[in-house]
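Please examine the structure below together with the briefing that follows.

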Amino acid sequence: MTTVQMTPDQLRGRKLSPVVNMIVAVAAVAVAAAVVLGLGIGNWVLVVVMAGVLYLAGLFAAATRVEGRRSARDRIWKTLVYSACVLAVLPLASVVWTLVSKGAARLDGDFFNSSMNNIGARDPNGGAYHAIVGTLEQVGLATLMAVPLGVLGAIYLVEYGRGRFALTVRFFVDVMTGIPSIVAGLFVLAFWVLIVSPWFNDGQPRFSGFAASLALTVLMLPTIVRSTEEMLRLVPGPLREGAYALGVPQWKTILRVVIPTALPGIVTGVMLAVARAAGETAPVLLVAGGAAAINFDPFAGNQASLALFVYQQAGDASRYAPARAWTAALTLVALVLILTIAAKLLARRNRLSK
Amino acid sequence: MAKRIEASNVSSYYGSFKAIDGISMTVEPKTITALIGPSGCGKSTFLRSINRMHEVLPGARIEGKLTIDDQNIYDSDVDVTAVRRMIGMVFQRPNPFPTMSIYENVVAGLKLNGVKKKSVLDDAVEQSLKSANLWDEVKDRLSRPGAGLSGGQQQRLCIARTIAVEPQVVLMDEPCSALDPISTLAIEDLMFKLKDRFTIIIVTHNMQQAARVSDKTGFFSIEKTGDPGRLIEYDDTPKIFSNPTEKKTEDYITGRFG
């Protein structure tokens, strides 16, 4: 009869030294380079991939010999997790670097102070002032509409919603998450621009920045409802009961205890929705039309937006257009970043010092 | 202003599951009543029925009659928030509001019910914290977060919060089960002090605690898992612990249960 020994007698074990680790890595690269370049079957990309695989195999073999199977497996998984992390960050860093290096050329006062009005194909200047105004107004209006609706909807689902109706609402919110932005744009085009807007414009349908806000609201709503719902569910039940036990009515408990506790998470969800809305091109193109001149009034006439500006300049025939597109893209990313940081700071601004 | 509570034939349900069956007991004003019994026998359910906290859970309902000074709290024209303002509750785990300071935690009940005057609130904070034996420990850091206190301090903060709204009855659901012996002692001392002003009902798993603090003790039990909990015996505490009428009670308090 064999007995299985579950506890080791020896608590200390040998460690694989970092030098061996380095040697395995260098050897893996050398072997991969020799095989790939020597046989002429690929370029440096294949070398990197092959070196990675060889390094994992070599590390596993070396670690098994020195440290045993369990530690070796631990090392392999650790390496895989770190590699995945680097792989995930690489594209992001690449995007930021591309934006900064290509967008810096037109990052001048002219870009932020002028529109594209009267700018021809041969004019090197021109700017995105009108597009920045458009983006801020459209996204601002959409946020004003989507946040109260979304947060109230989530409160209903978490605190009051029972039975079939709440299930239906939740189901349609999930369905809404999958609506492509072009569909939201078409919906607003058919409903608002073609049917409703003529009432306010002597029977003529009219593009407007507000129509774009409506489409963006449709896109933002499900994100806000779902993230707020998750955050409200995370607020512990005993906290609510603590307030009820003081004789505080339910609505006041929600307003003064539940929402403040969940606020940082809610703000994160709202900012995700804002970032998505700020980057939308299709609805703006469909229902705001785009414009070359500055239009401060979101309720009348064509308006541009930064994303639309990037789209139009990137496809423009002028040789000065691509630089404008890159700078506009950089501006858009910076704008979303600044808004997110500001919102996070505001939400964390707790009067209580920890 | 303490009030008499009378339960007659109270049964509570979670959906179709009957948690307690036909509980009848009378709690006199300005006394401490302890509810003891094994886990899952419905002590907490009964306690939560007294301030209508039971119905917060979906599907929970109640049958029978529960009166406080002859007003049935389950009458259809009774305002739930008024009931809870009259019958405060301290929970098993300390639950200070995490976004509020110590000061705000104590006056949360007053402030959220519309009291705005600074002098009234200041008074209430000092009085309640002093009653809860916490004033000396926190008086210099009232603006710090309540969640930053130790477990025992947090529980006393929750008690201060409860008595700040001047309820007539205070329900305590195993208030010391997460606390060390010194904090437990502090809370027991506190209960003796509060007895002059409030009617107190406490659920506890600690029989020494029940014997130490309470005037009357109720013993709850169940036949087997899935059965509803019943009140086996309810009598003066000395009698329950020295000479109980029921065999079951004797088995439980002498540790020969099950």
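Predicted model: local features only at pLDDT ≥ 70, side-chain atom pairs only at ≥ 80, totals over all residues.

Residues are numbered from 1 along each chain as written, with chains lettered from A and ligands numbered from 1 in the order in which they are written.

**Helix packing in chain A**
- Helix α5 (residues 129–160) and helix α12 (residues 306–314) of chain A pack at about 140°, with axes 7 Å apart.
- A131(A), I132(A) and T135(A) of α5(A) are in contact with L306(A), L308(A) and F309(A) of α12(A) (C-beta atoms, placed from the backbone, within 7 Å).
- By class, this contact of α5(A) with α12(A) has five nonpolar residues, one polar and no charged.

**Strand β9 of chain B**
- All six residues of β9(B) (residues 216–221) are buried (20 or more other C-beta atoms within 10 Å of the residue's own), so the strand is largely enclosed by the rest of the structure.
- K216(B), G218(B) and F220(B) lie on one side, and T217(B), F219(B) and S221(B) on the other.
- Side chains in a regular strand alternate between the two faces of the sheet.
- Strand β3 (residues 32–36) of chain B pairs with β9(B) in the parallel sense over four bridges (pairing needs at least two DSSP bridges).
- Strand β10 (residues 230–236) of chain B runs antiparallel to β9(B), joined by six bridges.
- K216(B) stands opposite T33(B) and also opposite D236(B) in β10(B).

Notes: Axes fitted to C-alpha atoms, helices over the stretch in contact; angles between N-to-C directions. Helix = DSSP H or I, 4+ residues; strand = E, 2+ residues; numbered from the N terminus. Contact = placed C-beta atoms within 7 Å. Nonpolar A, V, L, I, M, F, W, Y, C, P; charged D, E, K, R; others polar. Buried ≥ 20, exposed ≤ 12 C-beta atoms within 10 Å, placed from the backbone.
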